[in-house]
Structures are given as structure tokens and as C-alpha cells.
Amino acid sequence: MQEITGHELSSKKAEYLKYIYMQGDVVRTTEIAAHFSVAPSTATKTLADIAKAGYVEQLPYHGARLTARGIDYARFLIRRHRIVALVLSRYGLKPDEACTEAKKIEQCISKDLTDRICTSLGHPMMSGCGEIEHDCFCCPRTSREEDNLESGQT
């Protein structure tokens, strides 16, 4: 699998990926179009571009679903967004303001910088946008997680 840099997709395409991930399995093209306030043909074209890059599978007359690569990248995108929003909230922005501002700047933040920020914040678990899902390459397992693994619990 290709290593994530954080700059694989444009901000608009990244938003599509995050939306599909948050919705679940297969998301109808018309639902995506309505969410982003674009024509269905625009959503279809954008999805085709994302599919060519290997992040989604288009299902004619059904919509789109993420590939394994798409799931990994969407998880990173959501993690990066929530970490950036958390940083901004620590500078006095309300959670909704931090989320809005994070959307404007998150594309500039690489995976390496995201991991460094996460480390400097002590691998936080929550931001104003929601729970932060950690990356095994950045965040060490907590002693509780290690205890659960050793005892066979998940």
C-alpha cells in the first residue's frame, strides 16, 4: 500500500471521501450531490476522478463506496481535521469555529506534521469535532489497550 502524505487529493475531493466514509457503505450519487450542493453530473465526474485514483469504487445506479485505500485515506483525513480543529480550539476558537477554520487550512498539513502535532499534544482522544482515531504509526498503544490485548479482549 502507498504511504499517505496528506496531499493526495484536492480539498474538494477529500471532502467527498470524508463524507462517504462518515455515511457508511454505499452512498448514492444523488445524496452526495445534494450534500455538496452540486449537480448529480458534477458529483459523478468528481467520483470518477476519485475512482481513477483508487479511493472509491463507482457502482452504476447505486452510488459509490470506498476501497480499502479510500478507507485508510478517509480515516487519515478525519484524524487530521480533528487534530487541526483541536489545535485551533486551544487558541480560543469555539468548536464550530475551529471546525470551520480547520476545513480551510487542513489541506496544507502533511501526514508527518499531523503526526508531530498529535505527539506534541500527547495523542489526544477527542476534539470538538469528535473522537480522534489514532494512527498506529504515530500513536503508541495505551497501557489499557495493551492489557486488553494480552487478556484477549478488544
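Me: Before we start, what does buried mean here?
Reply: Buried means under 20% relative accessible area. Keep in mind that this is a predicted model.

Me: OK. Is F36 buried or exposed?
Reply: F36 is buried, because its relative accessible area is 13%.

Me: And Y16, buried or exposed?
Reply: Y16 is buried too, with a relative accessible area of 1%.

Me: How many aromatic pairs are there in the structure?
Reply: The structure has four. One of them joins Y16 and F36, and that pair is stacked. The ring centres are 4.5 Å apart, with 10 degrees between the planes.

Me: Why does the Y16 and F36 pair tie together separate parts?
Reply: Y16 lies in helix α1, residues 11–23, while F36 lies in the loop between α2 (29–35) and α3 (40–52). The pair therefore ties together parts that are 20 residues apart in sequence.

Me: Which residues do ring pairs link into a cluster?
Reply: Y16, Y19 and F36.

Me: What does Y16 contact, leaving aside its neighbours within four places in sequence?
Reply: The contacts are I32, F36, V38, T42, A43, T46, L47 and I50.

Me: Switching to the core. How many residues are in the largest nonpolar core?
Reply: That core has 22 residues. Y16, L17, I20, I32 and Y73 have the most contacts inside it.

Me: Which elements give two or more residues to this core?
Reply: They are α1, α2, α3, β2 (63–66) and α4. The largest share comes from α1, with five residues.

Me: What about a second core?
Reply: A separate core of seven residues includes L86, I117, C138 and C139.

Me: Now helix packing. What is the angle between α1 and α4?
Reply: They pack at about 100 degrees, with their axes 9 Å apart. Angles of 65 to 115 degrees count as roughly perpendicular, so α1 and α4 fall in that class.

Me: Which residues meet there?
Reply: From α1, the residues are A14, L17, K18, Y21 and M22. On the α4 side they meet G70, I71, Y73, A74, R75, L77, I78, H81 and R82.

Me: And how do α1 and α3 pack?
Reply: The angle is about 90 degrees and the axes are 10 Å apart. That makes this pair roughly perpendicular. K13, Y16, L17 and I20 in α1 meet T42, A43, T46, L47, D49 and I50 in α3.

Me: Back to Y73. Are Y55 and Y73 buried or exposed?
Reply: Both Y55 and Y73 are buried.

Me: Why is the pair of Y55 and Y73 tilted?
Reply: Their planes are at 40 degrees, so the pair is tilted. The ring centres are 5.3 Å apart. Planes under 30 degrees apart would count as stacked, and over 60 as edge-to-face.

Me: Where do those two sit?
Reply: Y55 is in the loop between α3 and β1 (56–59), and Y73 is in helix α4, residues 68–89. They are 18 residues apart, and the pair links distant parts of the chain.

Me: What lies over the face of Y55?
Reply: R69 does, at 4.5 Å from the ring centre.

Me: Last one. Where is R79, and what does R79 touch?
Reply: R79 is in helix α4. Not counting residues up to four places away in sequence, R79 touches T114, D115, C118, I132, E133, H134, D135, C138 and C139.

Me: Is R79 buried or exposed?
Reply: R79 counts as buried, at 3% relative accessibility.

Terms used
Residues are numbered from 1 along each chain as its sequence is written. This is a predicted model: local features need pLDDT of at least 70, side-chain atom pairs count only at pLDDT 80 or more; totals for chains, interfaces and linings use all residues. Side-chain values use heavy atoms; hydrogens and water are left out. Rings of Phe, Tyr and Trp (its six-membered ring) pair if their centres lie within 6.5 Å; planes under 30 degrees apart count as stacked, over 60 as edge-to-face and the rest as tilted. Helices (H or I, at least four residues) and strands (E, at least two) are DSSP runs, numbered from the N terminus. Buried means under 20% relative accessible area, exposed over 50%, partly exposed in between (1.4 Å probe, protein chains only). A charge sits over a ring if NZ of Lys or CZ of Arg is within 6 Å of the ring centre and within 35 degrees of the ring normal. A nonpolar core is a set of buried Ala, Val, Leu, Ile, Met, Phe, Trp, Tyr and Cys residues joined through side-chain atoms within 4.5 Å. Contact means heavy atoms within 4.5 Å. Axes are lines fitted to C-alpha atoms, for helices over the stretch in contact, and angles run from 0 to 180 degrees between N-to-C directions. Angles under 35 degrees count as roughly parallel, over 145 as roughly antiparallel, 65 to 115 as roughly perpendicular and the rest as oblique.
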